[in-house]
Structures are given as C-alpha cells and as structure tokens.
Amino acid sequence: MSGLEAFLHMGGYGAYVWSSYGLAAVVLIVNVVLPRRAERATLRRLARREALGESHDTTS
Amino acid sequence: MNFAFLHKYAALMHCYRLSRALTPWLAGASVLLFAWGLVGGLLLAPADYQQGDSFRIMYVHVPAAWMSMFVYMAMAVAGGVALIWKLKIAEIVSRACAPLGASFTFLALVTGSIWGKPMWGTWWVWDARLTSELILLFLYLGVIALHGALDDRRAGARAGAVLALIGVVNIPIIHYSVEWWSTLHQGSTVTKFAKPSIHIDMLIPLLVMISAFQCYFAWTLLVRMRSEILAYDRNASWVRELSREHGA
C-alpha cells in the first residue's frame, strides 16, 4: 500500500475518521458563510429602505 | 455602583468597527491553528495502541464537546448580564452564541457517535454523558427558538437568557457524568489537576485543535454579532450612513 493509500485507509477506520473530519469541515464552513451572508442581506435591506426614503424601519 | 460608564464602551458602533478590525486576524489565526492541528493529529501523532487510527476522531470530537460547554457558559453569562444591566451588547453576544454552541454540540454528538460505532459497537447508548449532551443540544434549540419567538428582539433575548440560565444546571452534570455514573464513555484525558493520561505527541495536536476551535469561535462570534448589531441599531444614524454607502 502506498503512503497516500495507507493515510486514507487509516488502519481500517478511514470511513469513520474521514466522515468525522468532513462533517466538522462542513459545520465550521457553514458557520462562517451564513453569518456573512446574513450581514450583507441586512445591509441590502437597509440600503433599500434608504433608497425608498423611509424614515423609520419597524421590521426587526 | 454606577454602571452607566459601561454604555460608553458598549456603544454598538464601536463594537461593529472593532469586529471588522479583528475578524481578519482571527480568521488567519484560526486557519493556521487548524492547519497545524490537522497535520499534527492526522500525520504526526502515532496510532493509539488500543484504538488504532480511530482515536484521531478525538481531535475534532474533544474540542467540539469542550466548546459546546464553554459557549453555553458564555451565552448564559452574557444572558445574565443582559437581564441585570440591560446592556444591548450582552444581549447580542448571548444571541450570537446560541447557533454556534448548537453547532459545536451537534458536531460533538455526531463525531462521538461515529467514534462509538467501531469502538463500542454501537452508534448510541442512553448513558449519562451522551444523554446530558443531547439535553444540551435541546437547550440550545430552545434558546434559539425563544430568540426568534418574540417580535421585539430585546424581549426575545431576555426570554432566551432566562432559559439559558436555568440550563446551566446541565453543565456540571455533563462534566461529572463519567464519574458519577457508570458509562461506556471514557474518563477525561486531560484535566487541570492531574498529569494527562496521554502521550505528549498525541496531546500537543489536541491542545492546538482546542486553541483552533477557541479562535474560530471568537472569529465567527464577532461575524455573527455584526448582523445583530445592524438590526439592533437599524435606526441609528451610523447604520443609515453605512447602508447608504452599501447601496451606492
């Protein structure tokens, strides 16, 4: 078995190890992407309000 | 004692700008720490003499589990401050903690389950450690639901803070569950008072991964706080100015 194959095989536990690390990567990345999108969406919504010339935003 | 001076430092505009200034550094530090921890945990650490390579799941499972409790305490303390001193910034911290803590708890539960299958022969047992961690996830989901349940976000933050404070009872139960009840879950590997029961080559990547998760939490907490700050201060002149620049 080559070095890379052995690394991916993880002594027979490859499926368990890599699914754990993969899931962790997904959860950590989602928690960066979604809040940044939310901030941009909030700014866009507030920019639209400014463009419409509304004086007060009552939505929360 | 007069806490009015705190309002000056709690001014949301300054917090927003501070978040903008700090997040690139925290992001960079997180990426470096994760890279170091992953190389150490997946390549450099030797396989465990009992668990083989499956023990490497520890490097995501233990930091996630540790953060699930740490973030809960941060959320509860911020919630307590919000209830007592009515500080908006404390409400915002408490609100921003909840989805992050829930994510760490979810990660701890699922990676624990994936680790449990080859080691214990089962995905799940209803023992004290696993059950109390599952209750922690439900507490987080309850707090998130309360945050969104009321039209007034300040009232929602206070409602969430009350549940967060009640749920603090669960934290020592999770921590001591492996000592109080007989359980499949192994005891602590690293404690403050005793020599860790782990080889130094395995321990260093674990400590690096824990710092990486801490740094990542600080980073994403600050990012999450920004949209909360904008929503809280949406009628303040600085937010209106910022949104005009954004729309232009």
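In chain B of this predicted model, α2 (residues 12–44) and α8 come within 7 Å of each other, axis to axis, and cross at roughly 155 degrees. Axes here are lines fitted to C-alpha atoms, for helices over the stretch in contact, and angles run from 0 to 180 degrees between N-to-C directions. Sorted by class, the contact between α2(B) and α8(B) has 25 nonpolar, 7 polar and 2 charged residues. Nonpolar covers Ala, Val, Leu, Ile, Met, Phe, Trp, Tyr, Cys and Pro; charged covers Asp, Glu, Lys and Arg; the others, Gly among them, are polar.

α3(B) and α4(B) pack at about 155 degrees with axes 7 Å apart, which makes α3(B) roughly antiparallel to α4(B). This crossing is left-handed too, and the contact holds 20 nonpolar, 8 polar and 1 charged residues.

Now for chain A, which has 2 helices and 0 strands (DSSP runs numbered from the N terminus, H or I of at least four residues for helices, E of at least two for strands). Its helix α2 (residues 14–52) has 39 residues, which at 1.5 Å a residue should span 57 Å; the end C-alpha atoms sit 56 Å apart, so the two agree. The expected span is 1.5 Å times one less than the number of residues. Just after α2(A), A:G53 takes a positive phi of about 75 degrees.

Of the 60 residues of chain A, 20% count as buried, that is, with 20 or more other C-beta atoms, placed from the backbone, within 10 Å of their own. In α2(A) the buried residues include A:Y16, A:S20, A:A24, A:L28, A:N31, A:P35, A:E39, A:T42, A:L46 and A:R49. An α-helix has 3.6 residues a turn, so residues three or four places apart point the same way. What covers the buried residues of α2(A) includes α3 (58–85), α4, α8 and α9 of chain B.

Across the interface, 35 residues of chain B are in contact with 27 of chain A (C-beta atoms, placed from the backbone, within 7 Å). On the chain B side, α4 (88–120), α8 (200–232) and α9 (237–247) each supply at least two residues. α4(B) gives the most, with 10 residues. By class, this side divides into 15 nonpolar, 10 polar and 10 charged.

Residues are numbered from 1 along each chain as its sequence is written, while chains are lettered from A and ligands numbered from 1 in the order in which they are written. Local features need pLDDT of at least 70 and side-chain atom pairs count only at pLDDT 80 or more, whereas totals for chains, interfaces and linings use all residues.

Definitions and conventions: Two residues are in contact if their C-beta atoms, placed from the backbone, lie within 7 Å. A residue is buried if 20 or more other C-beta atoms lie within 10 Å of its own, exposed if 12 or fewer, and partly exposed in between; C-beta atoms are placed from the backbone. Angles under 35 degrees count as roughly parallel, over 145 as roughly antiparallel, 65 to 115 as roughly perpendicular and the rest as oblique. A crossing is left-handed if the near helix is turned anticlockwise from the far one by less than a right angle, and right-handed if clockwise.
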